[in-house]
Amino acid sequence: MVCGAVMDGSFDGLPDGVESGEMLSNGDLQHLSITTALKWIRENFSPVLRGFNPTDQTNVDKILSDFAMARYLEHKDSLIREKEEELRNEAMSEAPPQATPTSAPAKDKKGNDKGKKGNITENPLPPAEPPVPRLPGATAVGAVSLAVAKTAAELLGTPLYRHITAVRDPQAQKEMQLPVPIITIMSCGKNSAGKLNLLEEIILMPSSSLRVREVIGMGLDLQCEMRRILNGSTYKALPVGVSDEGALQVGFDRPEQALDLLAEACANLALPLGSDLHLAVNCAAHSLMDYSRGKYEVMSGCHKSPDELVDIYEGLINKYPAIRSLIDPFRKEDVGQWERLASVIGQSCCLLADAASNLCPRWREAKPLPPGATKAIIRHHSDMTISDLIQSIAEHKETILAAGSGDASVVDLAVGSGVSFLKLGGLRGAERMDKYNRLMAIEEEQEGIAGAGEINQPVSFESESGWNSLTVSAK
């Protein structure tokens with residue numbers, strides 16, 4: 001029996017024989033990383049796992065993690081030695097500094113020091129943390145772990161999500177709570193045509209009382225209504241496209257325009273915005289920092305300090321109470337602003353960390369969430385085993401699992417591991433729709449429903465970017 005696994009994630013490091021200082025394109029790095037992963041599978045994992053019982057997921061994952069831990073420590077030591085050698089070479093090549101006389105600061109006509117503005121001082125911007133070194137070839141760990149789980153499910157004649165449930169809790173009941181799908185409905189981030197950068201994703205967060213099919217239908221109706229409104233006179237001139245997440249991408253100049261559009265569409269459809277339907281906003285602030293200015297470029301040409309950004313968020317949450325979550329409102333380094341915003345908004349809105357989180361496999365050093373962040377968005381990274389994922393989810397309450405590229409098995413992982421919410425992106429693209437279809441199929445199996453039909457693709461969005469006409473089929 002052969003089972004495959006398609007993992008999400010970019011290249012995971014430099015393989016053996018490639019120096020860290022060499023300049024390679026992303027494509028070359030990815031190719032070399034995958035080559036290393038295949039070498040691991042062929043030369044290291046296959047001999048050890050041959051004849052191993054695939055239903056023993058915990059022990060399989062321990063073998064994979066122990067091997068990765070040893071390689072990670074070797075790789076880390078190698079990087080430290082390279083850095084020390086680089087510093088020694090720099091110290092030897094530098095000439096001794098020449099002493100220069102210090103001069104008193106120039107005075108203006110009033111006797112004050114120039115360059116000072118009274119007693120007002122700005123807090124220095126915390127520097128960005130260095131990127132965490134990725135272990136070359138580590139994608140083999142996640143891929144093999146997932147392939148083993150799929151093999152076990154096939155041998156046991158059970159759906160993958162039920163097998164994952166048994167791995168997580170052998171005493172789990174047959175019935176289970178499905179994760180609530182949260183849908184990226186609109187994007188007004190840096191890649192949109194307008195001036196606004198701050199709203200990378202506007203996400204629908206429905207009540208858990210709604211069925212998966214109802215949630216998806218609500219999202220489709222809402223996108224169709226927003227498109228109809230955008231064709232009207234008020235919004236006619238705004239560019240419309242498709243985001244990488246498969247959502248409606250609209251160019252706005254201010255965040256209020258995007259949120260007003262969504263509120264108007266919900267009102268027209270009598271959708272319960274603020275009661276059974278709430279919003280999350282992914283700010284993706286780490287991508288907005290202009291380090292030359294030490295400020296966030298929230299709109300083109302408009303820069304705000306971290307403290308000013310706190311005030312902007314507070315105003316938006318007060319004006320639009322349907323916003324219940326902010327994702328990555330700051331870089332993870334701006335710990336003071338995370339804490340201040342959390343105290344300002346209180347219980348009305350929670351702060352989530354995605355790029356600002358530091359979740360990782362057990363063989364890498366984990367770091368705490370930023371202060372004030374109550375939840376983390378978890379991703380099944382390519383270097384995580386099934387056991388790593390289950391443990392990460394168990395350590396957090398009301399977790400959100402975000403699905404990236406890869407096959408629909410991430411939906412089974414979400415159901416089996418007991419997450420509260422599943423972030424699948426927008427309602428556009430065959431790969432994403434496969435995941436939505438898989439979630440509906442599991443719901444129908446749980447309800448004892450068969451042959452209810454699938455959603456093939458979302459409704460048509462005709463725009464300058466050339467969306468095709470797509471249909472929804474359901475019984």
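**View 1. The aromatic cluster of W40, F45 and F67.** In this predicted model, the three residues W40, F45 and F67 form one aromatic cluster. The structure as a whole holds five aromatic pairs.

**View 2. W40 and its helix-to-helix contact.** W40 belongs to helix α1 (residues 26–49), whereas F67 belongs to helix α2 (residues 57–93), so their pairing ties together parts that are 27 residues apart in sequence. W40 has a relative accessible area of 2%, and because buried means under 20%, this residue counts as buried.

**View 3. Strand β1 within its surroundings.** Strand β1 covers residues 180–188, and nine of its nine residues are buried, so the strand is largely enclosed by the rest of the structure.

**View 4. The parallel partners of β1.** Strand β1 pairs in the parallel sense with strand β13 (residues 421–425), and four bridges connect the two; within this pairing, I183 has G425 of β13 as its bridge partner. A parallel pairing also links β1 to strand β4 (residues 248–250), here over two bridges, and in this case M186 stands opposite L248 of β4.

**View 5. The antiparallel partner of β1.** Strand β2 (residues 199–206) runs antiparallel to β1 and is joined to that strand by four bridges. One of the residues to look for in this view is C188, whose bridge partner in β2 is L199.

Definitions and conventions:
Residues are numbered from 1 along each chain as its sequence is written. This is a predicted model: local features need pLDDT of at least 70, side-chain atom pairs count only at pLDDT 80 or more; totals for chains, interfaces and linings use all residues. Side-chain values use heavy atoms; hydrogens and water are left out. Buried means under 20% relative accessible area, exposed over 50%, partly exposed in between (1.4 Å probe, protein chains only). Two strands pair if DSSP finds at least two bridges between them. Rings of Phe, Tyr and Trp (its six-membered ring) pair if their centres lie within 6.5 Å; planes under 30 degrees apart count as stacked, over 60 as edge-to-face and the rest as tilted.
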